[in-house]
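Subject: The structure, and what lines its spaces

Hi,

Here is the structure I promised to pass on. Please have it open while you read my notes below.

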Amino acid sequence: MDCSPAPSYLSRTSFQMRVPWRFLCFLEVVVMLGGLISCIGMSIWKDFDSVNATHCRVPNVFPSVSAAVSDHEPQRTVWRACVALCAPIRLLSAFLLHRYYTVHRAPAGSPSNRWFGLLNTCVLVMFLVEEQCLLGLTFVGSTDNYTVHKYSFGVFIIFASLHMLGSTAVFRWHAEGRIDKNAVLRTSLAWKRNCTVLYFLCFVFGAYSFWRHNTYCEPYVYSVFGLLEYTIIAAIVLYEGSSDYFELGHLATACGPGGFGVCEVGGGSWSGGHGEQDGACRSCTATIHRNGSLRLSATRTYLS
């Protein structure tokens, strides 16, 4: 595969250390899910009675996410640190994915190509709103400002749902006509479908459990709601992590005197991944210079 060289500001002489983007995606998933599990475990171990207390005063064994991560220390600090550490990776991934789909649109002449760019931009906006609300409900707890926390959570759930559906549609359109020949595309789509189905199933049953708890005050129903909440968060993290892992797997971060950058190292889903070449090689790159400026670029060349 003969790809054009990276832009000069990402040349090999500018950077000395590179870290595969897939490693950062894996790290993001581990930190988010590990932080959640740690907070739940600490809450059950040291604050069992208070985190499981509800207005119904019935026994429960698993707290809600809000009670587990924001009502006590050190759980509150651990969860906020995990979200803050992963936020830069998640935000940069969103812009890189937007550029990736901008460069590699739906096949020319496809009916979906007309709306592809608009939906791609909408997906980016959905994610930015979702991330903003996640930061809001994380750093403004229900005991700090209940109104802000409540609306942040509601908007977060709405836009996380829309982002999942929109991102899956964009991926299907961009892979149209090639998915049967490309194992990476098939695997990525399978992850997206499974996480989306799991998310919406848990969302429906979680809403039902919450209603039933508040209506009938039955023992352990709120614990079921808590378990479904954990699964919803896991589905969101795995969905977004899988998108970064498969679609941006050809990228690597690069650090050096010129600043921080993201450059292509080969092997993205469009270039075939497991040796299945589809005829095009593209690079999506970003650089954060020492002065703090961010530059995104996209180049497209064809395999000889």
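The lining of the largest cavity is made up of 7 nonpolar, 6 polar and 4 charged residues. Please keep in mind that this is a predicted model. That cavity has a volume of about 200 Å³, and 17 residues line it. If you want to find it on screen, go to A94, L97, V123, H163 and S167, the lining residues that lie nearest its centre. Two or more lining residues come from each of α4, α5, α6 and α8. The largest share belongs to α4, which gives 6 residues to the cavity lining. How many cavities of 30 Å³ or more are there? The count comes to 1.

Now for the open spaces. The largest pocket has a volume of about 1,000 Å³. Its lining takes in 40 residues, and S64, S66, F153, F225 and E229 are the ones nearest the centre of the pocket. By residue type, the pocket lining splits into 24 nonpolar, 12 polar and 4 charged.

Which element supplies the largest share of that pocket lining? The answer is α8, with 8 residues.

Happy browsing, and do write back with any questions.

Best wishes

Methods:
Residues numbered from 1 in each chain as written. Predicted model: local features only at pLDDT ≥ 70, side-chain atom pairs only at ≥ 80, totals over all residues. Heavy atoms only, no water. 1 Å grid on protein atoms, 1.4 Å probe; cavity = no way out; pocket = protein on both sides within 12 Å on 5 of 7 lines; lining within 4 Å. Points joined across faces, edges and corners; volume = space filled by probe spheres on them. Helix = DSSP H or I, 4+ residues; strand = E, 2+ residues; numbered from the N terminus. Nonpolar A, V, L, I, M, F, W, Y, C, P; charged D, E, K, R; others polar.
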